[in-house]
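Please have a look at the model first.

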Amino acid sequence: MSLVSSVMLVALAFFQWHLIHILTPFLMPFLWLMAGGFFLVTIVFSIIAVFKRREWKALILQSLTVIFLFFFPFTKVVLNMDYENNRADRETVVKKVQEGAITPNVPYNDSVIHLPEEYETLSRGGGDILVEKRNDEMLVLFFTFRGILDSFSGFVYSTSGNKPLSGDFGGDFIELEKLDKHWYYVSSG
């Protein structure tokens, strides 16, 4: 049980950003509660096993799992994998937007583009990207998390290479990290 609960908790931490798009931000905490509860119950049984049978393996495994969960940067690793695996396709989309092959196509907002089917997976939360133009510069946001109201995160392509400013895309950035010459990671909360 210790191994199963540990693997389940680590897998949940690793795949949480994929699962949140299926379960929504409202149901994801319940999944964490169930997995965490199962983990805590197995810790109790592991502690009982230490006192009854002097069996330390399960408790050591779970202790290492807790340390791993606290110190391993799951979100950073998942975001880096997403960025590297999809960068070329995202740059293709940006080029098509610049050329006018892909244009705003959502009736209620002229800065939203619902991506064609072959590119929908490049932007989470429905396959939409946001495009903002300032002077001669264009910014394109690909969502990695499309939260509620102004809570979102994603990769921004800046044609000029200038960093996005707070207020761009209607968000107040709490995190802004340069990834490459034209690419930034932003998080708004």
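A pocket here is an open set of points on a 1 Å grid over the protein atoms alone, where a 1.4 Å probe fits, with protein on both sides within 12 Å along at least five of seven lines; lining residues have an atom within 4 Å of a point. This is a predicted model, in which local features need pLDDT of at least 70, side-chain atom pairs count only at pLDDT 80 or more, and totals for chains, interfaces and linings use all residues. Residues are numbered from 1 along each chain as its sequence is written, and side-chain values use heavy atoms, leaving out hydrogens and water.

**The pocket**
- The largest pocket has a volume of about 330 Å³, counted as the space filled by probe spheres set on the points.
- Its lining has 23 residues, with Thr75, Leu79, Thr144, Ser153 and Tyr185 nearest the centre.
- Helix 3 (74-99) is among the elements supplying at least two lining residues, and its seven residues are the largest share; helices (H or I, at least four residues) and strands (E, at least two) are DSSP runs numbered from the N terminus.

- Six strands form an open antiparallel sheet in the order 1-2-3-4-6-5, where pairing requires at least two DSSP bridges between two strands.
- Strand 1 (112-114) and strand 5 are edge strands with a single partner each, so one side of each has no neighbour in the sheet.
- Strand 3 and strand 4 pair over seven antiparallel bridges, and Phe145 has Ser153 in strand 4 as its bridge partner.
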